[in-house]
2 protein chains.
Amino acid sequence: MRITSETFTDGIREQLFTIGDIPGVLWTPAEGSGPRPLVLIGHGGGQHKKGWEVVSRAFPYVTSCGFAVAAIDAPGTGDRPEHPEIRRLVALIQEREAAGEPFWFGPEWPALNETVAAQLIPDWQTTLDALQKLDSVGDSQPVGYYGLSQAGEMGIRLVAAESRIKAAVLGLTGSDWLTDTAARITIPVEFLLQWDDEGNPRDSVMKLFDALGSAEKTLHANPGSHFRVPSFEIDSSIRFFARHLGSAGSSF
Amino acid sequence: MRITSETFTDGIREQLFTIGDIPGVLWTPAEGSGPRPLVLIGHGGGQHKKGWEVVSRAFPYVTSCGFAVAAIDAPGTGDRPEHPEIRRLVALIQEREAAGEPFWFGPEWPALNETVAAQLIPDWQTTLDALQKLDSVGDSQPVGYYGLSQAGEMGIRLVAAESRIKAAVLGLTGSDWLTDTAARITIPVEFLLQWDDEGNPRDSVMKLFDALGSAEKTLHANPGSHFRVPSFEIDSSIRFFARHLGSAGSSF
């Protein structure tokens with residue numbers, strides 16, 4: 001793991017890093033040291049590790065809870081090189097949308113998700129290994145995951161595969177091929193649904209929620225389209241992670 | 001309005017009152033005076049104004065937010081006299097259940113709700129009139145309503161009729177005769193659904209949520225039967241009311 005930059009803003013330390021070819025970012029409180037709960041935040045399709053939907057969660061998680069928060073670029077995004085197969089599939093999906101068809105019709109959408117997941121899930125696990133070796137994170141504290149939309153799809157796969165993750169905010173996805181994977185998840189989950197999300201019909205999202213094997217799972221549905229998750233859900237996710245990951249303790 | 005008793009426990013002042021033949025209870029912070037937001041809490045069927053599901057919300061609303069909280073007995077419950085027609089309808093519904101039929105089959109369930117509402121909605125409005133004349137409540141601050149199950153049904157009717165109520169937590173009801181009433185509601189609503197609630201199938205509850213005319217409405221669905229609303233929803237309702245009713249200000 002190589003730290004490539006370190007900056008301080010508003011009480012938050014931001015460290016850009018690379019682990020092999022994985023570009024990532026770690027946010028921790030500017031003051032304080034020692035182990036602390038870690039939240040991994042996945043970014044949505046076409047976004048990157050410092051997109052607004054990542055930063056708008058990461059900053060309050062650090063300042064309100066004293067958590068460490070990390071994000072990495074998915075294959076073909078942000079500081080990663082172009083990924084020819086992902087570019088090809090995205091282009092086909094965009095053609096489909098331009099022709100007025102839903103993006104998830106046809107074989108490209110599941111193929112895209114498989115292609116991204118094949119690289120991203122191991123990358124997250126490699127990243128988690130490296131972060132837990134840092135003094136500012138450690139391996140004694142629980143880990144959470146936050147991801148909606150494509151990061152919800154990836155999150156279901158990651159959480160089902162990774163026992164170090166103890167609580168997750170997921171949602172805005174209704175992929176029917178995830179049902180069996182969702183059933184293997186047993187940790188507490190807060191699951192988001194946008195009531196008028198044309199790309200993810202509410203029935204399909206609710207089926208995934210229903211499939212989750214977790215004893216504690218809570219569905220939050222709000223009016224509006226895919227990108228209109230209300231800001232009070234950020235506050236809700238803070239409370240959710242604080243409840244399940246605890247606080248950063250006296251070192252915060 | 002007649003205050004019939006006043007006691008102090010754990011920083012909370014509890015005043016029992018009667019307004020005509022309406023028995024009620026008002027909780028306010030033991031310290032502090034002056035106007036403050038008020039939350040009205042409805043109780044479920046077969047319960048009363050000091051049932052556990054009322055008190056478990058009322059106390060944190062007072063201690064965390066400095067709100068005033070009030071509850072009244074629905075017709076035929078608590079300190080109210082027996083209500084022959086309600087008793088008759090409840091007995092018929094219980095016979096139906098004993099015979100293995102759902103309670104909401106047949107004409108008794110809608111008739112019971114109509115009978116309760118015909119008295120309870122005006123009683124709530126009379127109560128609100130009286131409470132807003134008290135120095136410890138006043139009429140300058142917003143009012144909220146909390147009610148699930150039968151108190152959700154009554155809440156939809158009350159909120160649609162009462163413009164002083166500015167935010168409401170409702171749910172655990174899916175009565176199809178409430179659709180038009182729900183459509184007249186425009187205030188922010190947090191709506192609760194129990195995923196495995198046999199008496200209120202999720203589709204019927206979601207239809208009512210869908211019908212709400214509110215621009216801000218949020219559905220919280222959790223696994224389990226009717227009475228298994230998780231305790232973290234109490235915390236969520238505190239945040240919801242704090243967001244929409246504000247705090248009690250410097251007098252708290």
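Me: In this predicted model, which residue of β3(A) stands opposite L16(A)?
Reply: V25(A) stands opposite L16(A). The two strands, β2(A) and β3 (residues 22-29), run antiparallel and are joined by 8 bridges.

Me: What residue takes a positive phi in the hairpin of β2(A) and β3(A)?
Reply: G20(A), with phi near 60°. That hairpin has 2 residues between the strands.

Me: How does β1(A) pair with β2(A), parallel or antiparallel?
Reply: Antiparallel, over 7 bridges. R2(A) stands opposite T18(A) there. In this hairpin D10(A) takes the positive phi, near 50°.

Me: How do I read the contact of chain B and chain A?
Reply: Start with residues, then area. Each chain gives 19 residues. Together the chains bury about 1,700 Å², with 55% of it on carbon and sulfur atoms. W195(B), F232(B) and R239(B) supply 31% of the area chain B buries there, more than any other three residues.

Me: How many salt bridges link the chains?
Reply: There are 4. One of them joins R202(B) to D210(A), with the closest N and O atoms 3.9 Å apart. From β9(B) come 6 residues, the largest share of the side of chain B that touches chain A.

Me: Which strand of chain A pairs with β9(B)?
Reply: β9 (residues 217-222) of chain A, antiparallel, through 3 bridges. H220(A) stands opposite H220(B).

How values were computed. Residues are numbered from 1 along each chain as its sequence is written. Chains are lettered from A and ligands numbered from 1 in the order in which they are written. This is a predicted model: local features need pLDDT of at least 70, side-chain atom pairs count only at pLDDT 80 or more; totals for chains, interfaces and linings use all residues. Side-chain values use heavy atoms; hydrogens and water are left out. Two strands pair if DSSP finds at least two bridges between them. Helices (H or I, at least four residues) and strands (E, at least two) are DSSP runs, numbered from the N terminus. Contact means heavy atoms within 4.5 Å. Buried area is the accessible area (1.4 Å probe) that two parts lose on being put together, summed over both. A salt bridge is a side-chain nitrogen of Lys or Arg within 4 Å of a carboxyl oxygen of Asp or Glu.
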